[in-house]
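Trainee: Please take a close look at one part of this model, the surroundings of the ligand, and follow the contacts from there.

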Amino acid sequence: MSTQTNKKSPNAEAEARRAILRRASAIGLCASCVHLVAARSRRSVFVRCALAGTDSRFVRYPTLPVRECVGFAPCVP
Ligand code: SF4
């Protein structure tokens, strides 16, 4: 899976992505979007949209689940 990453360790990023995939139906399109920045705390998973930093049409933390999005670009496995 190719997604954008946060600044945590590769293992933390991988675990955050696995946690997001486990909740894919509740997260919606972001779960499989290349613009997802995945982060995880002990009790929560955070879905951040990287496009929000450069395009005002997007919010940093989208309301989930995202069912339609003009920025969606699927990850290439
Ligand atoms: S571009 Fe859309 S689908 Fe992709 S991470 Fe941002 S809000 Fe989610």
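Mentor: Around the ligand there are 13 residues, and those that come nearest are Cys 30, Cys 33, Cys 49, Cys 69 and Gly 71; a residue is near a molecule if its C-beta atom, placed from the backbone, lies within 6 Å of it. This is a predicted model, in which local features need pLDDT of at least 70, side-chain atom pairs count only at pLDDT 80 or more, and totals for chains, interfaces and linings use all residues. Residues are numbered from 1 along each chain as its sequence is written.

The shell around the ligand has eleven nonpolar residues, two polar and no charged. Here Ala, Val, Leu, Ile, Met, Phe, Trp, Tyr, Cys and Pro count as nonpolar, Asp, Glu, Lys and Arg as charged, and the others, Gly among them, as polar.

Now take Cys 30. Not counting residues up to four places away in sequence, Cys 30 touches Leu 36, Val 47, Cys 49, Pro 62 and Val 66; contact means C-beta atoms, placed from the backbone, within 7 Å.

Leu 29 is buried, because 20 other C-beta atoms lie within 10 Å; the cut-offs are 20 or more for buried, 12 or fewer for exposed, and partly exposed in between, with C-beta atoms placed from the backbone. Beyond its neighbours within four places in sequence, Leu 29 is in contact with Val 66, Arg 67, Cys 69 and Phe 72. The C-alpha atoms of Leu 29 and Glu 68 are separated by 7.3 Å, although these residues are 39 residues apart along the chain.

Terms used
Two residues are in contact if their C-beta atoms, placed from the backbone, lie within 7 Å.
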